[in-house]
Amino acid sequence: MARLGKHIIVNAFNMNCVGHINHGQWTHPHDRSADYTRLDYWTDLARTLERGLFDGLFLADIIGTYDVYGGGIDVTLRESVQLPVNDPILLISAMAAVTQNLGFGVTVNVNQEAPYTFARRISTLDHLTQGRIGWNIVTGYLDSAARAVGQNGQTNHDLRYDQADEYLEVLYKLWEWSWDDDAVIRDRAARVYADPAKVRKVVHHGRFYDVEGWHLSEPSPQRTPVLFQAGTSGRGQLFAARHAECVFISAPEKQLARKAAQSIRAAVAAAGRRPEDVKIIIGINVITDRSAAAALEKLAEYRAHSSPEAGLAHFAASTGIDFSRYDLDDPIPYGPTNSIQSATKLAESRGWTKRDLLNQLALGGRYPLAVGTPTEVADELESWVREGDIDGFNLTRLATPETYEDFADLIVPELQTRDSFKTEYAPGTLRHKIFGQGDRLPDRHTVANFRPGPAVAAQ
Ligand SMILES: Cc1cc2nc3c(=O)[nH]c(=O)nc-3n(C[C@H](O)[C@H](O)[C@H](O)COP(=O)(O)O)c2cc1C
């Protein structure tokens, strides 16, 4: 087989909770996910990932609870389906302290916090990690989240993206415009820490946000964190085309991944950027061992510990449909949704019944499963990159940290022998490691409209 010709990006996919994607695995004797409240669980994980040269740790998050299935949270609680869930941001400093190169992509919903204070939180992490921070921008999909903060229900799907667009504009002004690169002088003799002529007050009055203030943090290595986005509805794709540097898609088949990847790259080009300015990442499950028989044995063990009903409770929240109301073979009226459109449309197009969903969701969530020896799995990963036209993977956990250790010990060396995976980290910030073009977003990105210069200075 011809060489792949590029290095595959691999992030560990995780969440500050017990059951993330593969529900029920917390009952597996090798699984440590119930230790998620302990700091050493996270620092050990960070060390394992850096040993395996993972590009990053991608931390999912939700605000709100999965209360759609059965109209309540009984299954969610019993099986710990992303509940309880702790704050992911607070893990990062500790993990950064025990690593030098691992990146951190943290999910934060734009409804969670005012842009002004969020800008400082991210700048602080970009300083403390020396430029290793990424942000997964999400707009939410749970009514329970909106109600928890005093709203009647979540706002309309496309309107949420309009609001997110403006949220980003405010952030760009704070991160990229408020302070010049040479604003901080630190001249002891002259008694000047920062030059007042080089620090500007952001004045933003828009449809959703009113912000007047100077950014609280001095410029950090990347200024704007590496921008991740997940959500490939039509409106979601427009948002990605404008802002995202890494797009996380859910694709059960290679041809669907290829279609989504090509459509995203075309949208990126239409937004005045280069198609290669965006990396396309898919979620994947890997189960491997030294022999095919041992890998299949692991698969059987994971399957024995899985909870298909918990998977269904998770998917009910993603689609907004209470599957408990249907019999196993009833047709499901998917219809329009205010939740994750990309997830719902796929289920609708395939006509998935509850029986189909229980089978699929037992292991792997909405993500493909690669099972086999290191050679077989490496073949499969390369084939996804080639045929799916993608750049890399978010690796889910089955038993943790077993899944990540297996990948580091068995899959990484195999990919390295094929030159499909790096043998050492590139220097510099997370953005530079991924794109090799410096620490900051390039000028062809929409951020350029919010940097110092005539466009913004006039406002
Ligand atoms: C693969 C994938 C992963 C996602 N992860 C999260 C997440 O961790 N937290 C969250 O609040 N939303 C998450 N979402 C939801 C989306 O980011 C988005 O805000 C919203 O649901 C709309 O998606 P859509 O454009 O496909 O309709 C995810 C969506 C996809 C497709």
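The model contains zero disulfides, a disulfide being a pair of cysteine sulfur atoms within 2.5 Å. Cys17 is buried, at a relative accessible area of 0%, and Cys246 is likewise buried, at 2%. Here buried means under 20% relative accessible area, exposed over 50%, and partly exposed in between, with a 1.4 Å probe and protein chains only.

The structure is a predicted model, in which local features need pLDDT of at least 70 and side-chain atom pairs count only at pLDDT 80 or more, while totals for chains, interfaces and linings use all residues. Residues are numbered from 1 along each chain as its sequence is written, and side-chain values use heavy atoms, with hydrogens and water left out.

**Ligand site.** The ligand is surrounded by 21 residues, the closest being Asp61, His157, Ala230, Ser233 and Ser342; a residue is counted if one of its heavy atoms lies within 4 Å. Helices α6 (157-177) and α11 (341-350) each supply at least two residues of this shell. Helices (H or I, at least four residues) and strands (E, at least two) are DSSP runs, numbered from the N terminus.

| Residue | Protein atom | Ligand atom | Distance |
|---|---|---|---|
| Asp61 | polar backbone atom | nitrogen | 2.6 Å |
| Ser233 | side-chain N or O | oxygen | 2.6 Å |
| Gln341 | backbone N or O | oxygen | 2.9 Å |

Taken alone, the ligand exposes 620 Å², of which the protein buries 96%; these areas come from the Shrake-Rupley method with a 1.4 Å probe.

**Strands β7 and β8.** Strand β7 (residues 201-205) has a covered face, formed by Val202 and His204, and an uncovered one, with Lys201, Val203 and His205. It runs antiparallel to strand β8 (residues 210-214), to which five bridges join it; strands pair if DSSP finds at least two bridges between them. Within this pair, His204 stands opposite Val211 of β8. The two strands form a hairpin with four residues between them.

Over residues 33-387 the chain is 42% helix and 16% strand, and its end C-alpha atoms are 33 Å apart. Ala34 lies in the loop between β1 (9-15) and α1 (39-51). With a relative accessibility of 47%, Ala34 counts as partly exposed. The C-alpha atoms of Ala34 and Asp419 are separated by 36 Å, the two residues being 385 residues apart along the chain.

Key: Polar contact = N/O pair within 3.5 Å; in protein donor to acceptor, adjacent residues only side chain to side chain.
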